[in-house]
Amino acid sequence: MTAAPARTILICSGKGGVGKTTLTANLGIALARLGARTAVLDADFGLRNLDLLLGLENRIVYTAQEVLAGSCRLEQALVKHKQEPNLALLPAGNPRMLEWLTPDDMRRIVAMVGEQFDYVLIDAPAGIEGGFRNAMAAAREAIVVTTPEVSAVRDATG
């Protein structure tokens, strides 16, 4: 019997600064505390911050970029959270990665992560450009985050 695929959820918004990364970190911690094996993937390759919110910034050695390039194994790039044993971070790569990352690359990396976890939460970059489209390609579900500000609501519905 094979395990069910991980629930893959995109955390997104059209606007920056509405709390996507904060929600991703807190939802990841909550799911991990409930016993779910949870991976959080920072897909904001231009402005990664998920590692900072989780307190893991000093533990990053490899990123999704090295996994995709075959420079390391997935297990080497996953940063396990010391206080939450069911939570791991796959950090975003170098901002130059935006130049060559494709939707197929995101599907590939999320499929690899999903083999080991119950949940994969993808912290998407703001906007609806290439970085968002790459992140979206790998998700099965989405949570759209906004604030009660007219521009944030408009961008969330775009």
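Start with the core. The largest nonpolar core in this predicted model has 29 residues. By nonpolar core I mean a set of buried Ala, Val, Leu, Ile, Met, Phe, Trp, Tyr and Cys residues joined through side-chain atoms within 4.5 Å. Buried is under 20% relative accessible area, exposed is over 50%, and partly exposed lies in between, with a 1.4 Å probe and protein chains only. Leu90, Met106, Ile109 and Ile122 have the most contacts inside this core. Eight names to note as giving two or more residues: E1, E2, helix H3 (64–69), helix H4 (74–77), E4, H5, E5 and helix H6 (130–137). H5 gives the most, with four residues.

Two ground rules. Residues are numbered from 1 along each chain as its sequence is written, and side-chain values use heavy atoms, without hydrogens or water. Because this is a predicted model, local features need pLDDT of at least 70 and side-chain atom pairs count only at pLDDT 80 or more, while totals for chains, interfaces and linings use all residues.

Now Ile122. Leaving out residues up to four places away in sequence, Ile122 touches Thr8, Ile9, Leu10, Ile11, Leu41, Ala43, Met106, Val110, Ala135, Ala138 and Ala139. Contact means heavy atoms within 4.5 Å.

Six strands form an open, mixed sheet, in the order E3-E4-E2-E5-E1-E6. Pairing requires at least two DSSP bridges between two strands. Helices (H or I, at least four residues) and strands (E, at least two) are DSSP runs numbered from the N terminus. The edges are E3 (79–80) and E6 (141–144), each pairing on one side only. E1 (residues 7–12) and E6 run parallel, joined by four bridges. Cys12 stands opposite Val144 in E6.

What lies across E1, E2, E4 and E5? Helix H5, residues 103–114. H5 runs at about 145 degrees to E5. Axes are lines fitted to C-alpha atoms, for helices over the stretch in contact, with angles from 0 to 180 degrees between N-to-C directions.

Finally, the whole chain. There are seven helices and six strands. Along the sequence the pattern is β-α-β-α-α-α-β-β-α-β-α-β-α. The radius of gyration is 15 Å, close to the 15 Å the globule rule gives for 158 residues, so the chain is as compact as a globular protein of that length. That radius is over C-alpha atoms; the rule is 2.2 Å times the number of residues to the power 0.38. Of the 158 residues, 47% count as buried.
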